[in-house]
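Please work through the exercises below with the model open beside you. Each task sentence is followed by a solution that goes step by step.

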Amino acid sequence: METRWMCNLRERQVLIFFVFLSMSGASAELGPYWVVEEMERGSFVANLGKDLGLGFTEMSTRGARIVSQGKKEHLQLKVQTGDLLISEKLDREELCGPTEPCILHFQVLMEKPLEIFQAELRVRDVNDHSPVFTEREMILKIPENSPLGNAFPLNNALDMDVENNNVQNYRISPNSHFRVLTRERKDGTKYPELVIDKELDREEEPELRLTLTALDGGSPPRSGTVRVLIEVMDTNDNAPEFERLIYTVQIPENSPVGSLVVTVSASDLDSGVNGKISYTLFQPSEDTSETLEVNPMTGEIRLRKRVDFETVQSYEVDVKATDGGGLSGKCTLLLQVGDVNDNPPEVTMSALSSPIPENSPEIVVAVFSVSDPDSGNNGNTITSIQEDLPFLLKHSVKNFYTLITESALDRESQAEYNITITVTDLGTPRLKTEHSITVQVSDVNDNAPAFTQTSYTLFVRENNSPALHIGSVSATDRDSGTNAQVTYSLLPTHDPHLALASLVSINADSGHLFALRSLDYEALRAFEFRVGAADRGSPALSSDALVRVVLVDDNDNAPFVLYPLQNGSAPCTELLPRQAEAGSLVTKVVAVDGDSGQNAWLSYQLLKATEPGLFGVWAHNGEVRTARLLSERDAARHRLLVLVKDNGEPPLSATVTLHVLLVDGFSQPYLPLPEAAPERAQADSLTVYLVIALASVTSLFLFSVLLLVAVRLCRRRRAASEGRCSVPGGRFPGHLVDVSGTGTLSQSYQYEVCLMGGAGTNEFKFLKPVIPSLPPLGSGKEIEETPNFHHSFEVNY
């Protein structure tokens with residue numbers, strides 16, 4: 001039982017020392033609050049809300065909580081009412097040991113905003129322990145010649161209670177020789193001394209058996225007893241005496257085991273066995289007996305284990321010197337333990353906020369406290385963090401620090417910070433403690449999606465299949481989570497003629513673009529629109545990019561012959577005088593192709609002729625010319641089949657039939673060639689009908705020409721002086737106009753036809769082409785059909 005009590009006593013001393021050391025130099029702002037040990041769990045201590053001047057709801061909203069020193073939480077705070085309650089039964093002896101008063105320090109921490117209050121709880125002792133002697137029987141040898149009034153110290157009783165509840169008085173059982181006195185040491189411990197009231201006579205009474213009772217000051221008082229055996233010895237009239245009554249020694253806490261503390265020395269005037277001295281520690285505590293040992297022969301006191309300043313700062317023990325006759329003397333050893341910087345600083349994290357939002361300055365990230373159980377400069381500390389971090393350390397109350405952000409953080413630059421809190425004491429050598437925390441930065445939607453390109457150009461071949469994937473756009477967002485999820489959309493176009501919704505669509509998630517229908521290069525060569533990319537943050541951010549779709553031509557249009565017209569009516573006959581020289585121009589085949597590039601490059605070829613070798617066609621311009629001189633033997637009527645072919649892959653083509661009539665001169669009437677008699681009679685009747693039709697058409701034609709001349713004269717005065725007027729020709733379909741600027745028919749031709757008066761028959765004269773009416777090649781613009789296109793041929797009379 002003595003061993004267990006001494007162990008608890010040592011733990012209490014260590015705990016009390018740590019509390020005093022950690023709270024040194026600080027005055028409590030709250031309390032002190034008093035409780036009695038052994039109170040039931042949940043017992044009321046005080047109302048902190050009332051002491052702090054806070055309401056019930058304010059305690060909860062401000063995040064009030066109790067921060068205790070040590071591993072156990074002895075108190076709990078009921079934030080709904082502000083009551084401070086005991087969380088477990090308190091044993092004052094376990095918490096503080098013999099130290100009085102028993103003080104437990106704690107802090108009241110308010111997180112919102114940060115505020116710390118120092119407070120202390122004092123535990124009152126109750127008389128719950130009885131005095132206990134460490135021995136079951138004391139044996140005391142007293143010489144028979146001991147003088148009256150001589151005092152013999154006895155082992156004191158131990159009581160775990162303090163102050164009045166500790167041992168206050170000793171009593172001895174009734175006898176005629178001895179009485180007991182109660183003495184007090186410097187540390188307040190009371191011990192008994194046996195005093196001789198009557199001389200001893202060994203022959204009459206060689207031994208005495210007494211009962212020693214120890215009483216504490218509790219109400220009611222508790223007691224403990226021990227048997228005392230007194231053996232009366234023969235005469236030994238000199239007790240050992242020490243050179244000094246008090247030995248004061250200081251030893252550093254890092255001294256190795258076996259180090260010499262001090263050598264005590266006593267002398268005895270007796271000789272022989274009565275003068276032989278042995279040394280022992282007198283009534284050492286359990287901790288002292290484990291720490292110190294004495295050589296019984298030499299009096300050397302050495303360390304049995306290493307001493308720790310943070311646990312025990314000093315030791316006080318009596319050294320007893322006993323001679324062979326049983327007489328003894330004592331001295332006191334005061335051992336002071338010197339502090340050595342052997343404890344690194346300690347960091348206790350009270351609050352940590354992670355993650356913290358970006359773009360928010362001066363946010364409290366962490367609250368922590370720093371302590372060092374050493375003393376003096378060995379316990380003074382310097383706290384710091386890395387210099388290259390956007391955080392600051394601020395000292396708040398006593399040994400508490402707050403870690404806050406120095407400026408707004410950017411998650412896209414750095415999403416996580418590893419902060420090392422370095423605490424260094426000022427001892428020699430300096431000891432350092434590093435505590436690492438990880439702070440993550442949460443995302444705020446502060447970055448709009450960014451396209452990989454400011455503009456995209458997509459090439460699509462015409463006649464594509466519907467729902468064809470024609471390309472993709474891509475945008476990225478530096479944010480994370482939903483703030484980085486990008487959706488794509490088509491932005492409204494400002495072109496009223498462009499039905500974008502019927503041309504393309506976009507996948508909102510992937511950015512893939514699709515053609516909704518088959519595209520026609522001849523109708524729409526290129527178009528552009530803008531694509532938007534928006535994230536899913538709140539509020540959402542967006543950006544846009546330009547997309548240009550360029551159609552690639554496909555050879556899907558065959559050449560179309562503009563002249564001569566192939567409309568199923570009577571064929572157009574070209575007149576050629578027989579006097580024409582070789583290479584004379586007979587006519588020109590004019591054709592266009594709706595495609596572009598090499599798909600619109602036209603070439604001409606004579607497939608079939610009535611008389612091969614008489615006519616030739618130029619491959620690049622379609623001009624039909626005579627290949628040789630004409631002779632009387634050549635037939636008067638010729639039929640030519642001309643092939644017009646483009647340069648596409650595969651090539652497309654068209655054919656045109658030309659009728660050429662050889663005449664001796666323009667004054668020669670146009671007569672059919674002599675044929676068989678039945679055919680001639682049929683031709684005569686047909687000629688009559690043709691003459692009538694020709695007269696009707698000519699009359700209508702002249703009327704139209706006169707009407708057109710009148711209109712032209714009103715619009716253009718210059719036309720009257722030149723003596724010519726425009727004759728409307730056949731109107732050609734608008735889609736046959738060359739819009740690419742690369743076709744064979746790069747300019748329109750105008751031919752003058754003059755009707756000469758005064759002759760018996762009409763004479764036709766072919767002249768050179770006049771001013772072109774179409775723009776030159778390479779204009780780069782689409783040519784729209786104009787209502788005046790059918791006025792591109794002029795006829796003069």
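The exercises that follow begin with the chain and then turn to two of its residues.

This is a predicted model, in which local features need pLDDT of at least 70 and side-chain atom pairs count only at pLDDT 80 or more, while totals for chains, interfaces and linings use all residues. Residues are numbered from 1 along each chain as its sequence is written, and side-chain values use heavy atoms, with hydrogens and water left out.

**Exercise 1.** State how many helices and strands there are in the protein chain, and what percentage of its residues is buried.

Solution. Helices (H or I, at least four residues) and strands (E, at least two) are DSSP runs, numbered from the N terminus, and the protein chain has 7 helices and 51 strands. Next, of its 797 residues, 41% are buried, where buried means under 20% relative accessible area, exposed over 50%, and partly exposed in between (1.4 Å probe, protein chains only).

**Exercise 2.** Decide whether leucine 700 is buried or exposed, and name its helix.

Solution. Leucine 700 belongs to helix H6, residues 677-715. Leucine 700 counts as exposed because its relative accessibility is 56%.
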